[in-house]
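Trainee: I am new to this structure. Please show me how to read its features.

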Amino acid sequence: MRRRFLPIAIGGAALLASATFAGRVVRANSLAPGLGPDSLASPAGPGSGEPSLAVGPDGKVYMSWLEPVDSSFAFKFAVADRGGWSAPRTIRTGRDFFVNWADFPSIEVLSQGRMAAHWLQRTGSATYAYGVRVSMSADGGRTWGAPIRPHTDTSHTEHGFVSLWRDGKALGAVWLDGRKYSKEGHSPANEMVLASASFHPDGRVASGEVIIDERVCDCCQTSVAMTSAGPIIVYRDRSPDEIRDIYVIRRVDVAPRAVRRWTTPAPIHRDGWKIAACPVNGPAIAADRNDVAVAWFTAANDSARVKLAFSRNAGETFDSPVRIDGGTPAGRVDVALLPDGSALVSWVERVGGDVAAVRARRVRRDGTLSLPVTIATSSAARASGFPRMAIADKHAVFAWTMPGKPSQVRVSRLELADIP
């Protein structure tokens, strides 16, 4: 399989020594509260990368990552609390991981000590021959069950860019599926589909595989959040004439029998970005009951921008977007909703040459923007990956990969009270 990518160099790297915030200089390595971003000791070892963050029902932040072990890789996680990080636990070790700067593993924390994890596993010798594997734990991640393949397709093509969500007592999953790339398939079209399924904690299928969009962008991340009306998924679509804007699809209950179905895909906003390549730059979504916020990157009309749009009706409609970036964005967004209804957005901004910065700012419902806070310096290398963000205990936690020989996952924390 051959794919075309838009060469956008972005990423996260070493923690910035200081940053100007609200008219004063704050030190990133200070452990005192109220002084801006604080560096935290990372539980990840040398050579680590591809971090992902999740917040459990207990309000704690869980971080997963990949780390080399001898000639293999280990998929690990740790839990943060006031005392720091727990000792890392290993979900899986193997030589057959598909390790990629943009398509990375994740974990989801369910109820009553149950957890789920997904990773990508090679299925053939071709560069992009890999599939999704999901494993469940019933004891807080001490032991893990046999892996599940959520997709029915077994062709040696790409299956990845997964998002997981708590679906009541079950686990929901959405992913990009390369079955249409298969020479053995029914369609010779060179395109990806968007698919979804859900599973009980014991691994049984709760809701079978459904194709929810027949043509989507090849390799941009998906993102999902749970609203009061059900799950909502955002992703980069791909129209027949190569418009690759951000779309949303929701699962709703249909009367009179409350049958669950996925809505027709709809654009968040019609940017009109026409590009015959994949920008490798997916959207991010957060939800709290009926409130939803979506952040995304676009370069429509050759103008690179990071945008954010709010919804007040669980994603049925969205307000006009607000521009977030500082003028030279590289994208790689994340977003979280704060208790007052505002959104915290993180992204990567180019600051000159090969140097970039991981930044964050608050966006209020009326479109008012706070001053941006620089969380970390960054490199333009793909090896720096996608910075991630999570909100817990009045703090925003950030994780990113510092490229180097060896690379390492770094973590910092920002008090929400420090963002006006």
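Mentor: Start with two terms. Strands (E, at least two residues) are DSSP runs, numbered from the N terminus. Two strands pair if DSSP finds at least two bridges between them. This is a predicted model: local features need pLDDT of at least 70, side-chain atom pairs count only at pLDDT 80 or more, and totals for chains, interfaces and linings use all residues. Residues are numbered from 1 along each chain as its sequence is written, and side-chain values use heavy atoms, without hydrogens and water.

Trainee: Which residue stands opposite Ala117 in E10?

Mentor: In general, strands of a sheet pair through backbone hydrogen bonds, either parallel or antiparallel. Here Ile107 stands opposite Ala117. Strands E9 and E10 (residues 115-122) are antiparallel, over four bridges.

Trainee: What is the order of the strands in this open sheet?

Mentor: The order is E9-E10-E11, three strands with antiparallel pairing. E9 (106-109) and E11 (130-137) are the edge strands, each pairing on one side only.

Trainee: How many residues lie between the strands in the hairpin of E21 and E22?

Mentor: Two, and Arg289 takes a positive phi near 55° in this hairpin. E21 (residues 284-288) and E22 (residues 291-298) pair in the antiparallel sense over five bridges. Asp288 stands opposite Asp291.

Trainee: How do the residues of the lining of the second largest pocket divide?

Mentor: Rolling a probe the size of a water molecule over the atoms shows where empty space is left. On a 1 Å grid over the protein atoms alone, a pocket is an open set of points where a 1.4 Å probe fits, with protein on both sides within 12 Å along at least five of seven lines; lining residues have an atom within 4 Å of a point. The lining here divides into eight nonpolar, four polar and five charged residues. Nonpolar means Ala, Val, Leu, Ile, Met, Phe, Trp, Tyr, Cys and Pro; charged means Asp, Glu, Lys and Arg; the others, Gly among them, are polar.
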